Each structure stands twice: as structure tokens, then as C-alpha cells.
Amino acid sequence: MRIGMMLNYAGGFRETAAEVGELEKAGLDIIIVPEAYSFDAVSQLGYLAASTSTITIASGILQIYTRTPSLTAMTAAGLDYVSDGRFVLGIGASGPQVIEGFHGVPYDAPLRRTRELVEICRMVWRRERLEYDGRSYQIPLPAEKGTGLGKPLKLINHPVRDSIPIVIAALGPQSVRQTAEIADGWMPMFFHPERAADVWGDSIAAGTAKRDPALAALEVFASPALYIGDDADALLPLVKPQIALYVGGMGARDKNFYNDLVSMYGFEKEAALIQDLYLDGRKDEAAAAVPDELAKAINLIGSPAEVAERVAAFAEAGVTTLAVTPLAKTSEQRIRLVGGFRALVG
């Protein structure tokens, strides 16, 4: 089991990068840099590549709509180069709120775009002369769509690796099925070890049946919050606002991937209530409506014995990387918590 951490750099990236160096010493295996609609992840990842030496660095995630597939491939190859082969390309479709609301581009054909992007990236890394005739992407651009002067090119540089790991963030049955077929890793949100198979088992099996034998077994990245201590129950309310944000407010009332997921976990009434409260502006009440059972199941919050038991449950469900969010106020507390978790996981 690898342990990682989702990086929160809202308080200043330089300070956070210094902390990553200490987390590396404490035994952290992988650091995942989000993007959302904050600073771009790429510049931050380059900074981390220069200030660390052994930890794996990953994007979590680069959304697929605003960078061309070729640029995504170039970026990944560049980050892999400056980190001496320590980069993992995390990609995902994000959602209409961000893609259309912040970037101003259509949120269309996420499955097709993801598949074509993955295929193009792997062609670029193999330094093939790039010719691709997909439904979303045609490279070179056909003459009737441009000047007609485009010609097939290949990446000038020789990448450190001709197959950089690709991890896809996916939740829906079709996207999870495709991820199990084409990706090196899968990054679901709000992973519930005891109920994940009920929601995604058929999709994983169907995708795995079509998987290229050259690919290794699918890695699974879960992202629970982490707290180890006998006073853990007092910390449980801290994780509920984020759950309420996604289940209640991330998307429209009739199009919210996270609400659908929690409903499929068996919390349909609770998910509907959380959404109603959140969309009515009653965010504190929405957070309070998040069931303790759900908050405990998808996170690692408890005594050392309880956390060890939950780690075993995640492992039994197929999780290979726990990318935690430590519930700690200071850098020293986070480093100590990660070090203790490293010792607990082994």
C-alpha cells in the first residue's frame, strides 16, 4: 500500500513545497497536486520536481478540455524529465460547472475525448510521427479545417519513459469501465470500501476483460481524510462540509455525479436532503445532514486500531494508494500524522 497526500496550497505554495520535503522524509510515497480553478498544477509540479528527490509527483487532475492532447503529452513528458521519471499524469473530465463556467468551452463527449487523449499521449511518448484520425481530434488538422499546411510531426525530445503512468478520475459506470480498460490507474472520489464493488464491480470487470495485456494491473487511488487518535469522533464534523459541498452543490439538481454516487451507496434519502439544504443556501445544515456512517466509511478517522482496520478494508477492496488529507492545523502536526500513518501502514 502506497501512501500519498492531496496537496492543499491555498495558504501559499512555497511554504507548502517546503513541507512536502519534510513529508518526503517522513515516508510519503506520492504527492498529488490538484488544479480545479486555482493556480495551474503544472507550474506547481515543476517546482516540486526541483525541490524533492524521491517522492512521486502527480497531477490530480489535469482536465481534458483546455489543453490539446499533444500539449498534455508534451507537458507530462516535460514533468517526467525534470523529475527524473517520477511523474504520474492524472487526468479527468472535471464537470460542466468548471469547464463551461470558468473556461468557457463546451463540456462534450468526455468518454470519447478521454480515450482519444490517452491514445495520442502514448503515441507522442513513443515518438511516433503523429497522425490521428479520431472523432474529437484529427492530427494533423484536415486541410478543409485550416490552412492545409499542417504535417505529421514527432516529439523532438526523447522522453525519460515512453509510457508515463496515466491515472483517470472517474465515477460513472461507463467512465469507470473505460478507465479499467485503458488506464494505468483509477482515481475515484468518496471511495467506500464495503460498497464500491456494488457500484463499480461490473464496470471494472467489463473494462478489465478488454484491457491490453501489456498494461499492469489497474492501480486504485482513494483519497480519504486522515486522523489517528482517541478523540477522533470530535474530528468527524470537519470532513462533512466537503462531502456536503460535492453531494449538495457540485452541479445542478438533476446532474450531480457525487450525489448519484452517495445515493448508489444506499444513502438516497440523505443525499436528496443534503442537496436540498445546500441549494437552499443552508450549508451548515447540509453538512450536519451527512450521516456519520458515510463520513466514517470513506475516511480514515479513529484510534490506531480503528484506522488500521479501515486500511485493511481499503486494501481488501483493491485500493493500492491512499492519498490522504491529514486533519491537522500546522505543518508539524501534518508531518507527525503522516509519519505515524506510515508506521501504521508499514
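**Group meeting: salt bridges, cores and a surface patch**

Hi everyone, the structure I brought today holds 14 salt bridges. Please keep in mind that this is a predicted model.

Let me walk you through three of those pairs. Arg67 and Glu35 meet through their side chains, at 2.7 Å from N to O. Arg67 sits in the loop between β4 and α3, while Glu35 belongs to the loop between β2 and α2, so you can see that the bridge links distant parts of the chain, 32 residues apart. Both of these residues are buried.

Next, Asp184 pairs with Arg122, with their closest N and O atoms 3.2 Å apart.

Now to the inside. Which residues touch the most other members of the largest nonpolar core? They are Trp125, Trp200 and Phe341, out of 100 residues. Helix α5, residues 110-125, gives this core its largest share, seven residues. A second, separate core has nine residues, among them Val88 and Phe221.

Looking beyond its sequence neighbours within four places, Trp125 is in contact with residues including Ala73, Leu89, Pro159 and Ile164.

Last stop, the surface: Tyr81, Val82 and Val160 make a nonpolar patch of about 300 Å². Tyr81 lies in helix α3 and is exposed, with a relative accessible area of 56%.

Thanks, everyone!

Definitions and conventions
Residues numbered from 1 in each chain as written. Predicted model: local features only at pLDDT ≥ 70, side-chain atom pairs only at ≥ 80, totals over all residues. Heavy atoms only, no water. Patch = residues over 30% accessible without salt bridge, like charges linked within 9 Å, V, L, I, M, F, W, Y side chains within 5 Å. Areas by Shrake-Rupley, 256 points an atom, 1.4 Å probe, with all protein chains shown as cover. Salt bridge = Lys/Arg side-chain N within 4 Å of Asp/Glu carboxyl O. Helix = DSSP H or I, 4+ residues; strand = E, 2+ residues; numbered from the N terminus. Buried < 20%, exposed > 50% of the residue type's maximum accessible area, 1.4 Å probe, protein only. Core = buried A, V, L, I, M, F, W, Y, C linked by side-chain atoms within 4.5 Å. Contact = heavy atoms within 4.5 Å.
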